[in-house]
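User: I'd like to learn how to read a structure like this one. Could you take me through it feature by feature?

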Amino acid sequence: MATQSSEALEAARMNPERSLRTGQWSALRGILVNGALGGAKLAAGILGHSYALIADACESFADTMGSCVTFFALKKASEPADSEHPAGHGRAETLASAVTALALIGVGGLIFWQSALSLYLPRHAPSPLTLLVLVPVIVTKELMFRWMRERGKRIGSLAVIADAWHQRSDVVTSVAALTGITAAWVGGPSWMHADSWAAMAASVWLAGTGLWLLGPTLHELMEGSVDPALLKFISETSGNCPGIKGVDKVWVRKLGMRLMVDLHIEVDPNISVQEGHRLSHEVKAQLQRELPQVRDVMVHVEPYDPARAKRPFRIQSGGTRG
């Protein structure tokens, strides 16, 4: 049995129903917290004449929408397979991650545009009382980010991880607002637009984070390679089943948090077709016992060839076979 561990391998060992419940609870908590904080920041921004804080409130409401997308995507992913989706609905979770990443890019662009326009408008100096709202917001959202990211990694959910980074983006915009308001308050009239500049700086970070989050999502949608430790574990687990003389290839597709495995096992060429069929089912059952997130396993039975066994073993994942 493989001894190495990785986040992907540990996520594959989790119970699928428990993973979905964990992801849904994380998203629901994000909805409640972001909604409350967004309302508080919007009120403080309007009353305290701070454009950066109003922009920060908009980012919190975008976080709320992102958490809603994650929640309903995980609910959709939990639906059983049907005639139109024989592999299940796991990709809904991946699509939610893409939507969250694109939302960050869009919100970043909108905040930048509105902040740039505000540079040419006369305005009141931001009230220092708005700082009393920002400090607890920064602490709360940073704790939310760490909590959601840890759970997203544990269950192997790109959507929850993307939602966690949405929380971190709120931390950045809040820190920018805090900096801008402080500069405008301390610097006097010449620094009146400091919080607009701060909002523009935060918006660049938001858009960059969205682009960064799109990478893993597109990789999964394009069926890119999965963690080598997970592939090695699948290979060694299959090879350790009684009657299996070798594992020639392993191919893994990731559908949200679930896995689809395609592998080639080598058996004694003199056994019956019925025995080869039985061995393939033993391999499938063993993999699903060890890795509950494996939805299905396609096992190809090949005759064992000692000459071929001397060649280096090839582990494959994603969309390539050979």
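User: Let's start with charges. How many salt bridges does a search of the whole structure find?

Analyst: Side chains of opposite charge can pair when their charged atoms come close. The rule here asks for a side-chain nitrogen of Lys or Arg within 4 Å of a carboxyl oxygen of Asp or Glu. Searching the whole structure that way turns up 11 salt bridges. One of them joins Arg-91 and Glu-223, at 3.8 Å from N to O. Arg-91 sits in helix α4 (residues 91-118) and Glu-223 in the loop between α7 (194-221) and α8 (228-239), so this pair ties together parts 132 residues apart in sequence.

A word on the source: this is a predicted model, where local features need pLDDT of at least 70, side-chain atom pairs count only at pLDDT 80 or more, and totals for chains, interfaces and linings use all residues. Residues are numbered from 1 along each chain as its sequence is written, and side-chain values use heavy atoms, with hydrogens and water left out.

User: Which residues are linked with Arg-91 in a network of salt bridges?

Analyst: The network links Arg-91, Glu-223 and Arg-253. Arg-253 and Glu-223 have their closest N and O atoms 3.0 Å apart. Arg-253 belongs to strand β1 (residues 246-255) while Glu-223 is in the α7 to α8 loop, so this bridge ties together parts 30 residues apart in sequence.

User: And where do Arg-278 and Glu-275 lie?

Analyst: Both are in helix α9 (residues 273-290), 3 residues apart, which is about one turn of the helix.

User: How do I read the helices and strands overall? How many does the protein have?

Analyst: They are DSSP runs numbered from the N terminus: helices are H or I with at least four residues, strands are E with at least two. This protein has 10 helices and 3 strands, and along the sequence the pattern reads α-α-α-α-α-α-α-α-β-β-α-β-α.

User: What share of the residues is buried?

Analyst: Go by relative accessible area: buried is under 20%, exposed is over 50%, and partly exposed is in between (1.4 Å probe, protein chains only). Buried residues make up 49% of the 322 in the protein. Arg-278, at 39%, is partly exposed, and so is Glu-275 at 28%.

User: Now the rings. How many aromatic pairs are there?

Analyst: Rings of Phe, Tyr and Trp (its six-membered ring) pair if their centres lie within 6.5 Å; planes under 30 degrees apart are stacked, over 60 edge-to-face, the rest tilted. The count comes to 3 aromatic pairs. Among them, Phe-145 and Trp-165 are edge-to-face, 4.9 Å centre to centre with 65° between the planes. Phe-145 is in helix α5 (residues 131-155) and Trp-165 in helix α6 (residues 158-187), so the pair ties together parts 20 residues apart in sequence. Trp-165 and Trp-212 have ring centres 5.0 Å apart and planes at 75°, so they are edge-to-face. That pair links helix α6 with helix α7, 47 residues apart.

User: Is Trp-165 buried or exposed, and what about Trp-212?

Analyst: Trp-165 is buried at 15% relative accessibility, whereas Trp-212 is exposed at 51%.

User: Which charged residue lies over the face of Trp-147?

Analyst: The test is NZ of Lys or CZ of Arg within 6 Å of the ring centre and within 35 degrees of the ring normal. Arg-29 lies over Trp-147, 4.3 Å from the ring centre. Lys-245 has its charged end over the ring of Tyr-304, at 5.9 Å from the centre.
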